[in-house]
Number of protein chains: 2
Amino acid sequence: MIKIALDAMGSDNAPAAEIEGAVLAAREFDYDILLVGKSDIIKKELEKHRPIPENISIHHAEEVIGMQEQPVISVRRKKQSSIVILANLAKEKKVDAIVSAGNTGAMVCAATLKCRLLPGIERAGIGLVMPTLKGAALMIDGGANIDAKPKHLLQYAIMGSAYSEYILNNRSPRVGLLNVGEEESKGTGSLKEAYILLENSGLNFIGNIEGRDLFVGDCDVIVCDGLVGNVALKVIESTAHVMMEMLKRALKSSFMARLSGLLGRKALYSLKSKMDYAEYGGAPLLGIDATCIIGHGSSNAKAIKNAIRVAGEEVAKSVNQHIVEKV
Amino acid sequence: MIKIALDAMGSDNAPAAEIEGAVLAAREFDYDILLVGKSDIIKKELEKHRPIPENISIHHAEEVIGMQEQPVISVRRKKQSSIVILANLAKEKKVDAIVSAGNTGAMVCAATLKCRLLPGIERAGIGLVMPTLKGAALMIDGGANIDAKPKHLLQYAIMGSAYSEYILNNRSPRVGLLNVGEEESKGTGSLKEAYILLENSGLNFIGNIEGRDLFVGDCDVIVCDGLVGNVALKVIESTAHVMMEMLKRALKSSFMARLSGLLGRKALYSLKSKMDYAEYGGAPLLGIDATCIIGHGSSNAKAIKNAIRVAGEEVAKSVNQHIVEKV
């Protein structure tokens, strides 16, 4: 049975969201789920979900790395933290996959320090699954490596293609390079070099794409360096947030609008869930010799459950093996 | 009287949007407006707006640079294009400001080639005025210079501060550096150097900000290189667009939602106008010895009118002089 270790202390809503999500996942999927964190707290929280599924167990971790802690320093100092123990479990192959919705930087740092990189891969990358008008796309890198060289961008494209094919079910994933314009001549020297590498890669490379193309759905794998990807991710989140805020304000502005808001509440909620990372279950950290899923800090139980589901799928479909074959 | 030259052939809706916007501006403001483009087409379009204001005149330009044309090549080849003639008019000080909603790259290229840079400025930058939950902020650079050095980022901060103070009425504009995290240690080597320069600049520097902070409204001038700024801008536009699309679909999904959509139409329109660049009248190209406003390609008449208004304000408030004093 696939064994997945979950950081029980990670998210902003920890441990409640984690424990509930783990229980939901344990009931729905045939995975062994290992909850890593302070055992007394986990036990107490588990009591709320009787009967506790038999495929859930606890692995004690004395320390917790907080959201605001400096990644490298905290990983070095807190050897008994749930995140470091998670990485060690993966390194020692005691579990098949690890999942955390905690400090992203610390998780990337611990996983890349402890687990080796896959053969042929020189930098790990965070894959961000995002909704488009026609299905889901993967953006890579979301911030693991902010100084990416052209060959790293090529490796991201290869890893992203494997993920897109086996997890998002795109048969021949279309790969685009995120740039300031569509012409081959666009961008920094590094982007121009990456363009040439991608063109000769044998991947289904469709050329440069622009920020405006992200949601169109004509590109399955969006390749960028970690700085651009990180800014893009956070800009998407904040644009969505500000629009929902403005919409709420607009809907309160008049009687008719208020009435409309009441009637349309369901439609608005369905909109929110479309833009909701919870559906996609978190971001895979690709390139390391382990399966690692990083959840959003504000994950709820559903997001945790989906993160566990995706981690299991990645293992079952041998995504890492496909990456190694393609490199 | 302030004299402003407008590219009549620029936008996707040219010349109708340009001519209508120019007529609206000519009626509302005490500016001399020079329409640059094919005179027969302009004359015909002007006929629709009788009585034609006396402060509108025409300057013939035989050629047009299309939206898809390669900037450097088209500026070099099409010497009789409206964009090149606009830049020449600014260079020869025959007008006080130039405005175009055409090919952004060509406009940046023509303006920086023809007009000199301001003393102390080494790279021009595009300023993007964006709505926040508390007023408007300026992001600079939106894509004029994709390989910005730390000193260029400092110059952007200075120019952005001047614009924010005199045009957006922020007394002591708060300057933030767009980065992947808030700590001083974050980002590429270039961003870390820029951080130190900004800290010692005498500007009201508030440190690094993240993509998620853009719309909060606690930062008035967001400094970034052109690659990041360009991606951010287009991601904002596409996120807003996809959300409106999903909202429309959600509102069509049931009878109650449809009814709600009908009732709430006004609220939705007011939302759209909040996110609407048209309110802000276009992006200033800062750093050149001329006043230059670049409108959005999909500008309507209102956006053109506002772009002309902002161009006039920049001249009236001597923004360039303030930049030179601050450098």
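Two residues are taken to be in contact when their C-beta atoms, placed from the backbone, lie within 7 Å. All views show a predicted model.

**View 1. Helix α2 of chain A and its surroundings.** Helix α2(A) spans residues 39-46. Its buried residues are Ile42(A), Glu45(A) and Leu46(A). Seen down the helix axis, these buried residues fall within an arc of 100°, and they therefore line one face of α2(A). They are covered by elements of chain A that include α1 (16-28), β2 (31-37) and β3 (56-60). Asp40(A) and Lys44(A), by contrast, are exposed and sit on the face turned away from the buried side.

**View 2. The two domains of chain A.** Domain 1 of chain A is made up of two segments, 1-121 and 287-318, while domain 2 covers 128-278. The C-alpha centres of the two domains are 25 Å apart. Where the domains meet, 13 residues of domain 1 are in contact with seven residues of domain 2. Helix α11 (residues 301-316) of chain A supplies six residues to the domain 1 side, the largest share.

**View 3. Ala148(A) in its loop.** Ala148(A) belongs to the loop that lies between β6 (135-140) and α6 (150-166) of chain A. Ala148(A) counts as buried because 26 C-beta neighbours lie inside 10 Å, where the cut-off for a buried residue is 20 or more. Leaving aside residues up to four places away in sequence, Ala148(A) touches Arg123(A), Asp141(A), Leu153(A), Asp225(A) and Gly226(A). Ser190(A) is 42 residues from Ala148(A) along the chain, and the C-alpha atoms of these two residues are separated by 8.6 Å.

**View 4. The open sheet of chain B.** Eleven strands of chain B form an open sheet with mixed pairing. The strand order is β3-β2-β1-β4-β11-β10-β5-β6-β9-β7-β8. Strands β3 (56-60) and β8 (204-209) of chain B are the edges, each pairing on one side only. Direction ignored, neighbouring strands of the sheet are turned against each other by 25° on average.

**View 5. Strand β4 of chain B between its two partners.** Strand β4(B), residues 97-100, runs parallel to strand β11(B), residues 291-294, and four bridges join the two. Within this pairing, Ala97(B) has Thr291(B) as its bridge partner, and Val99(B) stands opposite Ile293(B). Strand β1(B), residues 2-7, is also parallel to β4(B) and is joined to β4(B) by three bridges. In that pairing, Ala5(B) is bridged to Ile98(B). Ala97(B) and Val99(B) point one way from β4(B), whereas Ile98(B) and Ser100(B) point the other way; all are buried.

**View 6. Helix α12 of chain B.** Helix α12(B) comprises residues 319-326, of which Val319(B), Asn320(B) and Ile323(B) are buried.

Note on methods:
Residues numbered from 1 in each chain as written. Chains lettered and ligands numbered in written order. Predicted model: local features only at pLDDT ≥ 70, side-chain atom pairs only at ≥ 80, totals over all residues. Domains from an automatic or database assignment. Buried ≥ 20, exposed ≤ 12 C-beta atoms within 10 Å, placed from the backbone. Arc of directions from axis to C-beta. Pairing = 2+ DSSP bridges. Axes fitted to C-alpha atoms, helices over the stretch in contact; angles between N-to-C directions.
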